[in-house]
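Reader: Please give me a close look at a single part here, with its setting. Keep it brisk, and give the cut-offs.

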Amino acid sequence: MSVLPYLVAGWLFLVGCYGLTTSRNLIHAVGSLAVCQSATYVLLLSIGYRRGGTAPVHSDIAPGSRPLVDPVVQALTLTDVVVGATVTALLLALVVQVSKRHGTVDPDELRELRG
Amino acid sequence: MSLRVRMWVLAVGGLGVALLLAGAFTHMPDFGGTWHPYGTRAVAEALRQHSANAVASVNFDQRAFDTMGEQAVFFGSVLGTVVVLRQAGDEHRTAPEPAFVSAPVRRYALLVLPVTVLTGLYVIAHGHLSPGGGFQGGVVAATALHLLYIAIDYRALQRVRSLTLFTLADAAGEAGYLLAGLAALVAGAAFLENVLPLGTFNTLSSAGTVPVLNAAVGVEVAAGVVVLLAQFLDQAIVIEPADGRGHRADGAARAAPEGGRP
């Protein structure tokens with residue numbers, strides 16, 4: 001089953017999309033978006049995995065003594081996490097304002113534009 | 001769009017995406033395989049640049065320019081949150097009230113606070129040697145400050161947390177990264193090129209500009225997270241709506257269709 005980790009990533013993405021579509025609460029929607037984003041972490045890290053590999057950090061292993069997992073995708077995942085966290089913060093700030101101005105966080109009730 | 005229609009659109013779209021993904025996954029390199037052309041080259045380059053942590057080398061040396069963009073995203077998001085969550089014209093500020101904290105919580109939170117600050121600084125400083133770096137250590141250090149809120153109350157946090165200072169530190173971190181890049185230009189190299197002496201492998205003074213950039217990012221992230229959390233905490237504790245309704249005004253009254261705002 002060498003495709004399984006990739007399938008998990010795809011499943012996570014679709015589950016996040018399902019959550020976004022059926023969401024009745026904007027905070028829940030932001031959480032669902034975070035689930036979608038975590039699919040990319042799983043995908044990136046599974047691409048970089050190497051059987052028997054260890055972390056690409058040489059502070060306690062001699063260079064070349066062991067196979068290493070791919071550091072490039074790990075760096076990309078770090079970028080992904082940082083961007084994901086900041087996007088979540090900004091979206092939650094918007095939810096706070098929506099709640100204050102409209103008195104609801106149910107996306108279905110936010111039909112008209114106001115203030 | 002009604003829920004029914006929406007579910008149909010989701011089902012069709014989801015099925016399409018699932019099929020495309022499954023098709024793509026069967027053509028991917030085998031999971032756990034030994035073929036990692038970029039990884040192999042990145043590790044070799046990290047060793048050549050005397051950076052024990054290959055991930056830090058990718059982020060702050062080989063892809064330093066991309067990390068500048070990532071940092072700008074962080075900076076912009078903090079700025080956006082400050083703007084979105086600013087005090088509106090019809091809101092006013094109230095002084096937070098002293099809170100009761102049980103003795104064990106206070107004791108252990110105050111005990112852990114200096115340890116957390118130290119851990120944050122350690123993670124930033126050793127970013128080029130061991131797992132961690134500016135982003136991770138910055139978040140740890142910023143979290144440490146908020147232990148004051150748990151240990152004492154919001155007023156104690158406010159007293160230590162000068163937002164002017166942290167906003168300036170946030171900007172200084174961002175500027176520091178750019179200046180480190182420009183310094184490389186002055187030295188006659190490309191923007192953000194690793195121009196400093198590479199030092200002894202696996203010691204604090206190694207990897208050239210990587211620890212410098214890590215420190216700049218660490219300052220920015222630590223200050224940025226403090227500013228970011230301050231906006232949310234202020235909304236929850238300090239900023240009150242104009243009509244005197246508390247924050248925890250019952251949702252039912254506020255969710256009334258037209259009864260929202262005066």
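**Chain B, then a helix pair**

Author: In chain B, 32% of the 262 residues are buried (20 or more other C-beta atoms, placed from the backbone, within 10 Å of their own). This is a predicted model: local features need pLDDT of at least 70, side-chain atom pairs count only at pLDDT 80 or more, and totals for chains, interfaces and linings use all residues. Residues are numbered from 1 along each chain as its sequence is written, while chains are lettered from A and ligands numbered from 1 in the order written.

Chain B holds 10 helices and 2 strands (DSSP runs: H or I, at least four residues; E, at least two). Their order along the sequence is α-α-α-α-β-α-α-α-α-α-β-α. The radius of gyration of chain B, taken over C-alpha atoms, is 24 Å, well over the 18 Å of the globule rule (2.2 Å times the number of residues to the power 0.38), so chain B is more spread out than a compact globule. Along the principal axes, its C-alpha atoms fill a box of roughly 65 × 55 × 40 Å.

Now the close look. In chain A, the axes of helix 1 (residues 4-22) and helix 2 (residues 26-48) come within 8 Å. They cross at roughly 170 degrees. The two helices of chain A are therefore roughly antiparallel (angles over 145 degrees). Residues making this contact (C-beta atoms within 7 Å) include A:L12, A:F13 and A:G16 of helix 1. Helix 2 of chain A contributes A:L33, A:V35 and A:V42, among others. The contact residues divide into 16 nonpolar, 6 polar and no charged.

Methods
Axes fitted to C-alpha atoms, helices over the stretch in contact; angles between N-to-C directions. Parallel < 35°, antiparallel > 145°, perpendicular 65-115°, else oblique. Contact = placed C-beta atoms within 7 Å. Nonpolar A, V, L, I, M, F, W, Y, C, P; charged D, E, K, R; others polar. Buried ≥ 20, exposed ≤ 12 C-beta atoms within 10 Å, placed from the backbone.
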